[in-house]
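Work through the exercises below with the sequence and the model open side by side. Try each task before reading its solution.

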Amino acid sequence: GSVHTRRAYPGASPYAATKGATEALSKVLAAELGPQQIRVGCIVPGAVPTEINIRAGLFTEAQHKARMDAIAPYHALGRVGTEEEIAEAAEYLVRAEWTTGQSLVVDGGLSLGISPF
């Protein structure tokens, strides 16, 4: 999933729509697969710097860092997340044997809507 399903970002409608669909799909799959004891969950991350945007040619390394620095203050914790923190959330969902069909928001408080204004 993505925090884009919780906060509106102009210009991100296709991205937000597909992430919302992913979240809805995870809930339906959890209901369908639950009788076979198959659990399904969705992680909803905030901003996390990854190299995929750089490798895809969307940003240079400097542009990506500037983008993350600019978005960090909008997180309640005052920083962007790490890949390791998202992995910890995934590990939780794997270990939480009585959790299914849930979306776990791991966004450092970005979805709270904190604004510096």
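**Exercise 1. State which element has the lowest mean pLDDT and which the highest.**

Step 1. Go element by element. The lowest mean, 80, belongs to α2, and the highest, 97, to strand β2 (residues 102–106).
Step 2. Keep one caution in mind: where pLDDT is low, the predicted coordinates should not be read in detail.

**Exercise 2. Describe the burial, contacts and surface of the protein.**

Step 1. Of the 117 residues, 26% count as buried.
Step 2. Take the contacts between residues at least 6 apart in sequence; 66% of these join residues at least 24 apart.
Step 3. The accessible surface is about 7,700 Å², and carbon and sulfur atoms account for 60% of that area.

**Exercise 3. Describe the largest pocket and say which element gives the most to its lining.**

Step 1. The largest pocket holds about 590 Å³ of space.
Step 2. Its lining is made up of 22 residues, and those nearest the centre are His4, Tyr15, Gly46, Asn53 and Arg67.
Step 3. Sort the lining by element. At least two residues each come from α1 (13–33), β1 (41–45), α2 (52–55) and α3 (61–71). With four residues, α3 gives the most.
Step 4. Sort the lining by class: 13 residues are nonpolar, seven polar and two charged.

**Exercise 4. Is Thr82 buried, partly exposed or exposed?**

Step 1. Locate the residue: Thr82 sits in the loop between α3 and α4 (83–95).
Step 2. Take its relative accessible area, which is 29%.
Step 3. Apply the cut-offs: buried means under 20% and exposed means over 50%. Thr82, at 29%, is therefore partly exposed.

**Exercise 5. How far apart are Thr82 and Gly101 in sequence and in space?**

Step 1. Along the chain, Thr82 and Gly101 are 19 residues apart.
Step 2. In space, the C-alpha atoms of Thr82 and Gly101 are 24 Å apart.

How values were computed. Residues are numbered from 1 along each chain as its sequence is written. This is a predicted model: local features need pLDDT of at least 70, side-chain atom pairs count only at pLDDT 80 or more; totals for chains, interfaces and linings use all residues. Side-chain values use heavy atoms; hydrogens and water are left out. On a 1 Å grid over the protein atoms alone, a cavity is a set of points where a 1.4 Å probe fits but cannot get out, and a pocket is an open set with protein on both sides within 12 Å along at least five of seven lines; lining residues have an atom within 4 Å of a point. Grid points are joined across faces, edges and corners, and a volume is the space filled by probe spheres set on the points. Ala, Val, Leu, Ile, Met, Phe, Trp, Tyr, Cys and Pro count as nonpolar, Asp, Glu, Lys and Arg as charged, and the others, Gly among them, as polar. pLDDT is the predictor's confidence in each residue, from 0 to 100. Buried means under 20% relative accessible area, exposed over 50%, partly exposed in between (1.4 Å probe, protein chains only). Contact means heavy atoms within 4.5 Å. Accessible areas come from the Shrake-Rupley method with a 1.4 Å probe; for residues, only the protein chains shown count as cover.
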